[in-house]
Amino acid sequence: MSLINENFLLLPGNYLFSEIAKRVSAFKASNPNKKVISLGIGDVTQPLPQASIKAMADAVSEMADSSTFRGYGPEHGYDFLIEAIIRNDYLPRGVKLSPSEVFISDGAKSDCGNIGDILSTENSIGVTDPVYPVYIDSNVMCGRAGTPAARGWSNVMYMPCTRDNDFKPQIPDRRIDILYLCYPNNPMGVVLNKEELKQWVDYALANDSIILFDAAYEAYIQDPSIPHSIYEIPGAKKCAIEFRSFSKTAGFTGVRCGYTIVPEELTAATKDGRRIPLNQLWNRRQCTKFNGTSYITQRGAEAIYTPEGKEQVRQTIGYYMGNANIMLEGFARLGMEAYGGENAPYIWLKTPQGLSSWQFFDRLLSTTNIITTPGIGFGPSGEGYVRLTAFGRREDCCEAMERIATTA
Ligand code: PLP
């Protein structure tokens with residue numbers, strides 16, 4: 001008899017997005033003439049930078065000629081992209097990395113989910129509440145999350161993020177082995193400043209913990225004092241892995257490319273107390289289970305670091321942040337409480353009149369025909385909020401705000 005990994009049976013269904021889809025299709029079926037606008041969309045809408053399109057087209061032409069054709073590439077990525085990342089994303093921020101510390105991948109979701117392969121399932125986990133669900137579900141799959149408990153999972157510590165703490169988690173009062181931090185944050189749209197991030201690095205160093213730092217939205221940071229990388233904090237190379245993505249930076253959600261930094265200095269222990277570099281383990285893992293991101297894709301990613309590519313990325317991010325600004329100003333005029341959206345493409349909107357997340361979702365859908373994402377879907381502390389994203393088209397964003405203004 002073949003046995004399954006029964007941890008998968010513990011996983012709840014993807015309730016949030018399937019429930020949204022169900023309610024939206026029911027609404028559309030009974031209101032076929034209404035134009036529904038989504039402010040809940042988690043995907044980008046603007047095309048790839050021209051520089052990437054050209055670089056990818058050139059790479060396709062190389063593939064068409066036997067003298068320039070490329071087959072399998074290095075599992076951890078081509079040097080041309082790794083060097084562009086080090087030179088452009090890290091050196092200007094005072095962070096020195098060696099090429100062996102950068103691992104190119106097909107995106108941050110895979111890496112955030114797969115990183116658990118190199119860490120014992122006996123480690124305890126800490127996450128913010130609300131949270132990007134991948135951090136939890138990937139731990140449930142391997143048994144590290146424990147068993148379903150009254151609130152979440154038995155081996156997961158939840159750090160509530162509420163209005164009272166400015167949506168920033170408190171430093172735990174006990175030891176946690178692995179902490180997931182995501183800044184700029186999805187879903188709350190908030191960021192940590194250097195002092196706040198330093199407190200986490202200091203905690204991790206003092207407790208021999210590992211921080212898994214998801215910086216998928218770093219390109220949206222507008223305030224020059226906010227750190228883009230956890231390695232801007234002294235000591236972080238000894239305690240943190242950082243995940244980055246080209247998805248929201250350069251519209252690569254469908255192209256698929258990201259990267260993960262595993263510093264050489266970062267070690268974790270065996271049961272008998274030996275310290276093992278995690279870089280070695282991740283390299284081994286990737287070489288065994290991953291065969292590299294396509295050459296064409298990596299050339300496309302490299303192109304965002306050219307002067308034209310940088311300018312095109314800047315414009316697209318400016319476009320989305322313009323949407324965020326329109327929404328923030330609109331909500332302020334209406335006297336509604338909206339958070340985030342200044343250094344992130346997400347707005348965390350407080351529901352009015354004490355409505356629950358789902359009640360407000362339903363009300364917005366029926367009265368304004370706008371789709372949002374109920375905050376409760378990201379964790380219990382998300383109750384009483386909805387998440388809005390800035391990834392829509394400008395005209396939809398403006399129309400949505402006009403509808404809210406006239407019906408609110
Ligand atoms: N991390 C966070 C916090 C995200 O919100 C997302 C995507 O929505 C990802 C990672 C996944 O990024 P990628 O497209 O690179 O897999």
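User: Which helices and strand do the buried residues of H10 pack against?

Analyst: Helices (H or I, at least four residues) and strands (E, at least two) are DSSP runs, numbered from the N terminus. Contact means heavy atoms within 4.5 Å. In this structure, the buried residues of H10 pack against helix H3 (50-63), helix H4 (79-90) and strand S2 (102-105). The model is predicted: local features need pLDDT of at least 70 and side-chain atom pairs count only at pLDDT 80 or more, while totals for chains, interfaces and linings use all residues. Residues are numbered from 1 along each chain as its sequence is written, and side-chain values use heavy atoms, with hydrogens and water left out.

User: How many residues of helix H10 are buried?

Analyst: Buried means under 20% relative accessible area and exposed means over 50%, with partly exposed in between (1.4 Å probe, protein chains only). Helix H10 spans residues 295-302, and six of its eight residues are buried. These are Tyr 295, Thr 297, Gln 298, Arg 299, Gly 300 and Ala 301.

User: What span should helix H7 have?

Analyst: The expected span is 1.5 Å times one less than the number of residues. Helix H7 (residues 194-207) has 14 residues and should therefore span 20 Å; its end C-alpha atoms are 20 Å apart, which agrees. At the start of H7, a side-chain oxygen of Asn 193 comes to within 3.1 Å of the backbone nitrogen of Glu 195. After H7 comes Asp 208, whose phi is positive, near 55°.

User: Which residues of H7 are buried, and why are they said to line one face?

Analyst: The buried residues of H7 are Leu 197, Trp 200, Val 201, Tyr 203 and Ala 204. Seen down the axis of H7, they fall within an arc of 155°, so they line one face of the helix. The arc is that of the directions from the helix axis to the C-beta atoms. Strand S4 (156-160), strand S5 (178-182) and strand S6 (210-214) are among the elements that cover these residues.

User: Where do the buried residues of H13 lie around its axis?

Analyst: In helix H13 (residues 394-407), Asp 396, Cys 397, Ala 400, Met 401, Arg 403 and Ile 404 are buried. They cover an arc of only 160°, which puts them on the same side of H13. On the other side, Glu 395, Glu 402 and Thr 406 are exposed. The cover over the buried residues includes strand S1 (37-38), helix H11 (307-333), helix H12 (357-368) and strand S13 (370-371).

User: Which residues come nearest to the ligand?

Analyst: A residue is near a molecule if one of its heavy atoms lies within 4 Å of it. Of the 14 residues around the ligand, Asn 186, Asp 214, Tyr 217, Ser 245 and Ser 247 come nearest.

Note on methods: A polar contact is a pair of N or O atoms within 3.5 Å; within protein, one must be able to donate a hydrogen and the other to accept it, and residues adjacent in sequence count only if both atoms are side-chain atoms.
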